[in-house]
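Hi everyone, thanks for coming. I'd like to walk you through one chain today, so please have a look at the screen.

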Amino acid sequence: MTAGGVILNDEMNDFAGSDFAHEEQVRASLPKIGLRVCYQTRFFQANSPVPGKRPLSHMVPTIVYHPVRSCINRIAVGASNGTHIPGGVLNTLLNILVFGMNVTDAIEYPRVFADKPENPVIVEASFNAKIVSELSKKRHNITVVTDGLSVVQAVMRNNKTITAHSDSRKGGAAAIY
């Protein structure tokens with residue numbers, strides 16, 4: 001925020017121009033994993049910059065708490081990396097709430113991403129090989145990536161204990177705090 005009270009937006013690249021040259025530039029900046037799902041021409045046209053318009057963006061900051069038992073897990077979690085944000089947050093929450101992992105293990109666990117049936121299921125290289133094999137047997141098109149799919153940060157309070165973790169996929173430190 002500036003001294004004059006203007007909030008600066010460094011996310012203008014979330015807006016997509018409708019011209020072909022800009023579209024190709026954005027496509028080239030995306031990870032080289034063969035997925036260009038939301039960066040097709042219709043997306044660029046629907047998300048052109050217009051005064052007063054907000055850019056389409058993937059964002060799911062999430063707070064989880066129990067409305068009656070206040071001492072049970074309370075979690076604040078968020079992620080970065082475009083279309084992989086919802087999956088990263090969901091993977092982390094499932095790891096904590098369903099599989100009983102602590103915050104660090106839940107965030108560091110290898111991730112999987114699937115959006116449309118016709119697109120490949122993307123898995124991080126360290127994802128469970130047996131599960132990847134079974135998915136392949138069921139005719140899923142699998143793409144293995146060495147880069148992380150999303151970068152998650154979370155804080156959890158359980159009773160009087162507070163734990164937090166920043167994903168090592170991005171150096172293990174918060175970008176802004």
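Let me start with a term: by contact I mean heavy atoms within 4.5 Å. With that in hand, what does Val152 touch, leaving out residues up to four places away in sequence? Its list is Val77, Gly78, Ala79, Gly88, Val89, Thr92, Ile107, Arg111, His165, Ser166 and Asp167.

Now some housekeeping. This is a predicted model, in which local features need pLDDT of at least 70 and side-chain atom pairs count only at pLDDT 80 or more, while totals for chains, interfaces and linings use all residues. Residues are numbered from 1 along each chain as its sequence is written, and side-chain values use heavy atoms, with hydrogens and water left out.

Next, confidence. pLDDT is the predictor's confidence in each residue, from 0 to 100. The chain averages 76, and 66% of the residues score at least 70. Helix α4 has the highest confidence, at 95, and helix α1 (residues 20-29) the lowest, at a mean of 50. Over residues 17-22 pLDDT stays under 50, and the model has 10 contacts there beyond four places in sequence. Residues 31-43 are also below 50, with 29 contacts beyond near neighbours in sequence. Where pLDDT is low, the predicted coordinates should not be read in detail.

On to the layout. Helices (H or I, at least four residues) and strands (E, at least two) are DSSP runs, numbered from the N terminus. There are five helices and seven strands, and their order from the N terminus is α-α-β-β-α-α-β-β-α-β-β-β. Of the 177 residues in the chain, 29% are buried; buried means under 20% relative accessible area, exposed over 50%, and partly exposed in between, with a 1.4 Å probe and protein chains only.

Let's look at α3. The expected span of a helix is 1.5 Å times one less than its number of residues. For the 13 residues of α3 (residues 85-97) that gives 18 Å, and the end C-alpha atoms are 18 Å apart, in agreement. Among its buried residues are Ile85, Val89, Leu93 and Ile96. The cover over the buried residues of α3 includes β1 (62-64), β2 (74-80), α4 (103-108), β3 (112-113) and β6 (151-158).

That leads to the nonpolar core, a set of buried Ala, Val, Leu, Ile, Met, Phe, Trp, Tyr and Cys residues joined through side-chain atoms within 4.5 Å. The largest has 12 residues, including Val77, Val89, Ile107 and Val152. β2, α3, α4 and β6 each supply at least two residues of this core, and α3 gives the largest share, four residues.

Now the strands, which pair if DSSP finds at least two bridges between them. β6 and strand β7 (residues 161-166) run antiparallel, joined by six bridges, and Ala154 has His165 in β7 as its bridge partner. The two strands form a hairpin with two residues between them, and Asn159 in the turn has a positive phi of about 60 degrees.

There is also an open sheet of three strands, ordered β3-β4-β5, with mixed pairing. β3 and β5 (142-145) stand at the edges with a single partner strand each, so one side of each has no neighbour in the sheet. Four bridges join β4 to β5, which run parallel, and Glu124 stands opposite Val145 in β5.
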